[in-house]
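Thanks for coming, everyone. Let's look at one chain together. Have it up on your screens, please.

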Amino acid sequence: MHPVLIRFTASLSAAGLLVGTLFFAASLTPSLLPRTYVMQGMLSGGSLAAGYGIGVFGRWLWSYLELPMPGRRTGRIALLVASLVCLAVALIFLRQAAEWQNSIRSLMGLDPVDSAHPFRVGGIAFPVFVALLGVARLFALTYQLFARKLHLFIPRRVAHAIGGFLAVALFWSVINGVLFEYALRAADSSFQQIDALIEPEVQRPDEPYRTGSAESLIAWEDLGSRGREFVSSGPSGEMIAHFLGGEVLEPLRVYVGLNSDESIEARAQLALTELKRVGGFERSVLIVVTPTGTGWIDPKAMDTVEFLHRGDVASVAVQYSYLPSWLSLMVEPDYGADTARAVFAAIYGYWTELPPDLRPKLYLHGLSLGALNSDRGADFYDVIADPYSGALWSGPPYRSSTWRTVTELRDPDSPAWLPRFRDGSIVRFTNQHDALDVLGAQWGPMRIVFLQYASDPVTFFEPQALYRSPSWMSHPRGPEISTHLRWFPVVTMLQLAIDVAAGDSAPVGYGHVYAPEHYIDAWLAVTEPEGWTEEEIARLKSHFSG
């Protein structure tokens, strides 16, 4: 064995290894989504490091309280025994990991895996553990250095307290002020270039009613890649007529890119002006859409509602970022909500001035971060005198205030993953299995539907999983949740964090990937289009899922 590896092994804590191995083993159990061996390796390495740190802290606390400690020889024996026990436990759990992953995959219609690739998982987990341990030891050395220098002038315990504070401040300034800022600048530059890229297959529209055309108030180049994709895609009136027959209209889509004007208020007014130009307020249905962080709008959501209303739909959206949702929320947490408020205020303000019998029904929509900001953009107390018609919010993040409040105040007999709220007249929840027809409930003047899957980590991640079991783990559980899922302190939160990163790679109809047929059920309940039979709805679902 290499001398460096020998010294490293000898420096490990028996208590840390024992607790770390328990965390490593627990990380192999299933959570919400299937994991690749790369994700599993990173998760297991992080869990091992977290458990090791807790074990080391526990040993330090034991010593600090001056409780009996084992001798040097006993300590070596304990380390050897701990290492052997750790190895045995890790191998047992690694052997079981494939079966645990298949318990999720089978529920989601995925092919089973023959192996969880234990050697690959271990090959990734060990370097992750070593790297995190190295950072922790560097912090400890920095802390001790500060404490020793300060102890020359002040009492020992005061020196340790101040030394700890200085070490935290130094590491935080390096991570946040140097590493994070550099990474952010690199990410910002990359995503900005992606947003500005004009794809050759996406052509500037010729129709004057389309945003970005020659007659539009918004330049094609200023829409951003997601905006250009949104206004140039979607079903045409001809496509809808071919499928449904009869009289249809051309759906109207208005999009204002981040570069279309300098301020939030100016972009909101530009959206209103463009919407009036194309005749959006003359349609039967008007949807204010809040995009995700990158400016993306789920085409499955908009295509389905345009079919349901035979093209008699206008939608308007304003971009507030080109960063991924998680990064946008971290860097500029209020910018999306500020944009949503300004856009809603502009559209709603004009809408209320129109005669009630001549104006369209007004709805809100958003997916993921779009759902969060859409919710924050319309204050209930501002619209109570003249409410909009409803909202469809899909995959709402756990931070969404309305979603969280309604979930907490749900009927105690309903599960957290599919709550029932009061009499169901305003808010209802649904998932893969249409749950919107609530027995004895009648819709009120405003209809709000949350479309969510029990396996969506964006919705059901919560930091409190660090120290307590989430309510959605209680029985009965969601239809796609593994029976082997268990709560473990710290580890479950790390598992859910990895699931969040993998949410968009789940099969359609699970995780954070919402299926068109489920949007159809939700839009039917929220907007109540006329003239649809059960057979026609089934045919439409087959058309979109085929």
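Accessible areas here come from the Shrake-Rupley method with a 1.4 Å probe, and for residues only the protein chains shown count as cover. On that basis, the chain exposes about 26,900 Å². Carbon and sulfur atoms supply 61% of that area.

A word on the source. This is a predicted model, where local features need pLDDT of at least 70, side-chain atom pairs count only at pLDDT 80 or more, and totals for chains, interfaces and linings use all residues. Residues are numbered from 1 along each chain as its sequence is written, and side-chain values use heavy atoms, with hydrogens and water left out.

The chain has 19 helices and 7 strands. Those are DSSP runs, numbered from the N terminus: helices are H or I with at least four residues, strands are E with at least two. Buried residues make up 49% of the 546 residues. Buried means under 20% relative accessible area, exposed over 50%, partly exposed in between (1.4 Å probe, protein chains only).

Now helix H8, residues 237-244. Which residues are buried there? Gly237, Ile240 and Phe243. They sit on the same side of H8, because they cover an arc of only 130° around the axis. That arc is taken from the directions from the helix axis to the C-beta atoms. Glu238 and His242, on the other side of H8, are exposed. The buried residues of H8 pack against helix H10 (299-308) and helix H19 (534-545). Contact means heavy atoms within 4.5 Å. Just after H8, Gly245 takes a positive phi of about 75°.
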